[in-house]
Amino acid sequence: MPLLTTYYVLIEEGNWFLYDFSSRNGTWGIFENECYTWTEDPNNVHLNPFVLLDLNDTVNFEFKFSTNKAGSQVFKLTVGNPHLVQINSKNRWDESGVSVLNLVITSNFNQRGYTTVLISMPEASLLCPITCLAIIVQCSCPAGKAMVYLSNKHISEHAWLHGLSANSTVDFPLKELPVNYRPPSTFGINLPVSENIYNADPSEPKYRDFYELSKKTGHYKQCAKKKTREECGCTDAMKLSSLVQYSDCKERVRVGSSRRK
């Protein structure tokens, strides 16, 4: 470690030493090197880095990097949680000497969570507009996605609201749900834990409300803070709706495919 150093001394890469700048008269400064890297982000990841992947979904990205410094590392790829996604990257050089990165991100089957995919330019100057690109990946079922069963047999609105007549020839009958019904859970038929209540009536006890876990779950929506079913104000449209917020109003469901006798 030298005691003095000359003006404009060049510290080579990989070497370092300590110098007491306070021992000199005058001012001193540290300056950032000029920007010699160029980045093209046609995916606008730097503006909208969030990506939502359903199970086994795949998303593709393409980035272009260029540098005027020979022998420098153009980019570096880092994955926060490599167990959550599969990364397939291919790097090539086009005719103009630009490095092109093709990135394919696939969510692993039955894996849920968040991870970050970071594409950084280790030797980029802080004066460059972009020095790294971060992609935030969420692997889960999208909030607005739902499974909907579409029957090939038509059931009239009158049947859904008032039930089937005795002489109906429909292959799959409609069943009226018990008051304050909740479906069975993985714990058993007598231990419902669903938050959804069907055919709700606040004046009646909850269906199969035997255990503490069942008592802590299941809350009214349309019937919240009401005393009777009449006060819930369930309209015909709510009774026919498949939306969760109107589960209190749902009175009937379609059951098996056995023909009525």
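Hi everyone, let's start with D248, whose side chain reaches the backbone nitrogen of K221 at 2.6 Å. What we have here is a predicted model, where local features need pLDDT of at least 70, side-chain atom pairs count only at pLDDT 80 or more, and totals for chains, interfaces and linings use all residues. Residues are numbered from 1 along each chain as its sequence is written, and side-chain values use heavy atoms, with hydrogens and water left out.

D248 sits in the loop between α4 (236-240) and β10 (252-254); helices are DSSP runs of H or I with at least four residues, and strands are runs of E with at least two, numbered from the N terminus. D248 is buried and has no salt bridge. Buried means under 20% relative accessible area, exposed over 50%, and partly exposed in between, with a 1.4 Å probe and protein chains only. A salt bridge is a side-chain nitrogen of Lys or Arg within 4 Å of a carboxyl oxygen of Asp or Glu. For D248, the nearest side chain of opposite charge, K221, is 4.7 Å away.

Now, over to E251. Which residue does E251 join in a salt bridge with closest N and O atoms 3.2 Å apart? That is R229. E251 lies in the loop between α4 and β10 and R229 in helix α3 (residues 229-232), so the pair ties together parts 22 residues apart in sequence. E251 and R229 are both buried. E251 also meets K239 in a salt bridge, at 3.6 Å from N to O. K239 counts as partly exposed because its relative accessibility is 22%. Finally, a network of salt bridges links E176, R229, K239, E251 and R252.

Key: Lys, Arg positive; Asp, Glu negative; His and termini not counted. Polar contact = N/O pair within 3.5 Å; in protein donor to acceptor, adjacent residues only side chain to side chain.
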